[in-house]
Amino acid sequence: MDNNRVIIVGASHASAQLCASLRQEGWAGEVLLIGDEPTLPYHRPPLSKTYLAGTSNLDELLIRKPDFYDKQQVAFRQARVTSVERGARTVTLSNGETLGYDKLALCLGARPRRLSLPGADLAGVHYLRDAADIEAIRDSLATTSHAVIIGAGYIGLETAASLRKLGISVSVLEAADRVLQRVTAPEVSAFYDRVHREEGVEIRVGVGVNALEGKGHVSGVRLEDGDSVATELVIIGVGVVPNVELAQEAGLTVDNGIVIDAYGRTSDPEIFAAGDCANYYDARYEGRLRLESVPSAVEQAKSVAAAICGRERQISALPWFWSDQYDLKLQIAGLNTGYDEIVLRGDRSTGRDFACFYLGKGRLIAADCVNRPQEFMFSKRAIAQGLAPNRDLLADPGTALKSLLEASTTSAG
Ligand SMILES: Cc1cc2nc3c(=O)[nH]c(=O)nc-3n(C[C@H](O)[C@H](O)[C@H](O)COP(=O)(O)OP(=O)(O)OC[C@H]3O[C@@H](n4cnc5c(N)ncnc54)[C@H](O)[C@@H]3O)c2cc1C
């Protein structure tokens, strides 16, 4: 093993992949993973699902078991990195210690956006990002009869589903006029709204929150319309902000994330970034993106590993995402930004499975597939190929997807 050292900051999805990919790419030097959470990288998506519901433990959530890191000769240190000195090529830890690097990878993730409301610091008010957040919520469940979730994005709705499973009554408060407004078509929002109501969740959209009330511990949420909702537990899920400060203070280019090129390189040739904290150039979309998803973190990490080893591997996989709520497995292929038409396949008004295809100038650009794995697989292929499927056939559940793929042309049909 040579003496070159890669330091990876953040024990994250991206860094778990990076540790594996670095060795696959032939990195023979030291690899030191520094993370401020007490554990090796773990799967974050189950936090709002099985971990909150109490059906999985943290060991089961580890992305790779400890012996993987031993075998790959990756050292792990629990510490917070407080600064990067680019000239000296060192990082400083919160205990004042400095460590030298030859290559540095920033896999810092994101943190929950905080609400600056009166009462936001009361006990019983929680955010959702790491295992410790969930453990604190779980500890309070025995004394909770009614929970309020602020924000009806994926994390808020997944949390509502998990709490319902535990028999807790739930209200979801959303300032926009529909659930999942930022990410889906109105038809998909209407589907999720219906299912959550059927499962006993109270959903209130178009409501602003004025304050969280209580003496020491939260006891209610005061709304802008003067109404208030009594509760012992408030969970806030209103989006995340990328962790960029370390990069910013080191003078790296930052613009809605740590700016990296199509290969994972920052504005410093010895420093790389991946995951929720990174804003990368996507050749497929011919523009900059900052995505918050596991597949995206993994894809970027593979390119960072190649770049650290002196090779160029473009970040190019088609983005995809998933969300599990109740018995609904939503799989999302592509990005729906800029769609001008949707096509629905299946009955979304009564059933529990359907697909919403997003078209842009006739071409399939994205799809939300609920309990429809075949439509998801089809969409990934069709989007990657830039196909323009016939709309009537696409909408008809009787049409075999394979034939649709074969019948599609690259001109709008
Ligand atoms: C509750 C929940 C549910 C989700 N569900 C899904 C889902 O269903 N599907 C999906 O694709 N995505 C989901 N996501 C998003 C997904 O988890 C993130 O996109 C993914 O974790 C991003 O990984 P990452 O590598 O960018 O960093 P992260 O996994 O966020 O990890 C970053 C790590 O870096 C650490 N760190 C930051 N700064 C420092 C520092 N200075 N020193 C040391 N350590 C530091 C952080 O503490 C953290 O441990 C979910 C997220 C949450 C919170």
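Me: Into which domains is the protein divided?
Reply: This is a predicted model, in which local features need pLDDT of at least 70, side-chain atom pairs count only at pLDDT 80 or more, and totals for chains, interfaces and linings use all residues. Residues are numbered from 1 along each chain as its sequence is written. The domain bounds come from an automatic or database domain assignment. The division gives domain 1 (5–111 + 241–308), domain 2 (114–238) and domain 3 (327–407).

Me: What distance separates the centres of domain 1 and domain 2?
Reply: The centres are taken over C-alpha atoms. For domain 1 and domain 2 the separation is 30 Å.

Me: How many residues does each of these two domains put into the contact?
Reply: Two residues are in contact if their C-beta atoms, placed from the backbone, lie within 7 Å. Domain 1 gives 11 residues and domain 2 gives 13 residues.

Me: Which helix gives the most to the side of domain 1 that touches domain 2?
Reply: Helices (H or I, at least four residues) and strands (E, at least two) are DSSP runs, numbered from the N terminus. With 3 residues, the helix that gives the most to this side is H2 (residues 50–53).

Me: In what order do the strands of the open sheet with parallel pairing lie?
Reply: Two strands pair if DSSP finds at least two bridges between them. The sheet has 5 strands, and their order is E9-E16-E10-E11-E12.

Me: Why is one side of E9 and of E12 left without a neighbour in the sheet?
Reply: Strand E9 (125–127) and strand E12 (202–205) each have a single partner strand. One side of each has no neighbour in the sheet because both stand at the edges.

Me: Which residue of E12 stands opposite serine 171?
Reply: Strand E11 (residues 169–174) runs parallel to E12, and 4 bridges join them. Opposite serine 171 stands glutamate 202.
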